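Thanks for taking a look at this one with me. Please have the structure open beside you while you read.

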Amino acid sequence: MAASLSANQGLLGTSFYGGWGSSISGDDYHTMLAKTPRQARVSRKAIRAQPMMKNVNEGKGLFAPLVVVTRNIVGKKRFNQLRGKAIALHSQVITEFCKSIGADAKQRQGLIRLAKKNGERLGFLA
């Protein structure tokens, strides 16, 4: 091979100083490229399957079977709308109750959390 690279020139014959001069002829250039090993970049991250969103309360509680049957009859979207309205109405009832007895916001929030826990235990959130 008649090609020679000086100390300040890279593989393609360009100098580190920004020049485009080359000491490699066209045929030698293609031969050299064919002989240079090419490496493919491989990601080392493992591909994870997306977790399925599943209700942890499915089938638990006294009212869970009724809730599941109702959801299957009316459909998930409509069921979630109805459930959201019921939860909002219940929260309003708790708020009005707290106002009538003079409970502060912290106690009201505690009662709402207690209502959610009881709903989970009874199966309303199945």
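Below are a few numbered points on contacts, a pocket and a helix.

1. How to read this. The model is predicted, so to speak of local features we ask for pLDDT of at least 70 and count side-chain atom pairs only at pLDDT 80 or more, while totals for chains, interfaces and linings use all residues. Residues are numbered from 1 along each chain as its sequence is written, and side-chain values use heavy atoms, with hydrogens and water left out.

2. The salt bridge. A salt bridge here is a side-chain nitrogen of Lys or Arg within 4 Å of a carboxyl oxygen of Asp or Glu, and the count comes to one. The partners are K99 and E96, at 3.8 Å from N to O. Both sit in helix α3 (residues 76–101), three residues apart, about one turn of the helix. Helices (H or I, at least four residues) are DSSP runs, numbered from the N terminus. K99 counts as exposed because its relative accessibility is 59%, and E96 as partly exposed because its value is 48%. (Buried means under 20% relative accessible area, exposed over 50%, partly exposed in between, with a 1.4 Å probe and protein chains only.)

3. The largest pocket. A pocket is an open set of points, on a 1 Å grid over the protein atoms alone, where a 1.4 Å probe fits and protein lies on both sides within 12 Å along at least five of seven lines; lining residues have an atom within 4 Å of a point. The largest pocket holds about 460 Å³ of space, where volume is the space filled by probe spheres set on the points, joined across faces, edges and corners. Its lining has 18 residues, with R83, A86, I87, F124 and L125 nearest the centre. Helix α3 gives the most to this lining, with seven residues.

4. The aromatic pair. Which two rings pair up, and how are they arranged? A search of the whole structure finds one aromatic pair. The pair is F63 with F124, stacked, at 4.7 Å centre to centre and 15° between the planes. (Rings of Phe, Tyr and Trp, its six-membered ring, pair if their centres lie within 6.5 Å; planes under 30 degrees apart count as stacked, over 60 as edge-to-face and the rest as tilted.) F63 lies in the loop between α1 (26–35) and α2, and F124 in the segment after α4, 61 residues apart. F63 is partly exposed at 30%, and F124 is partly exposed at 40%.

Notes:
Helices (H or I, at least four residues) and strands (E, at least two) are DSSP runs, numbered from the N terminus.
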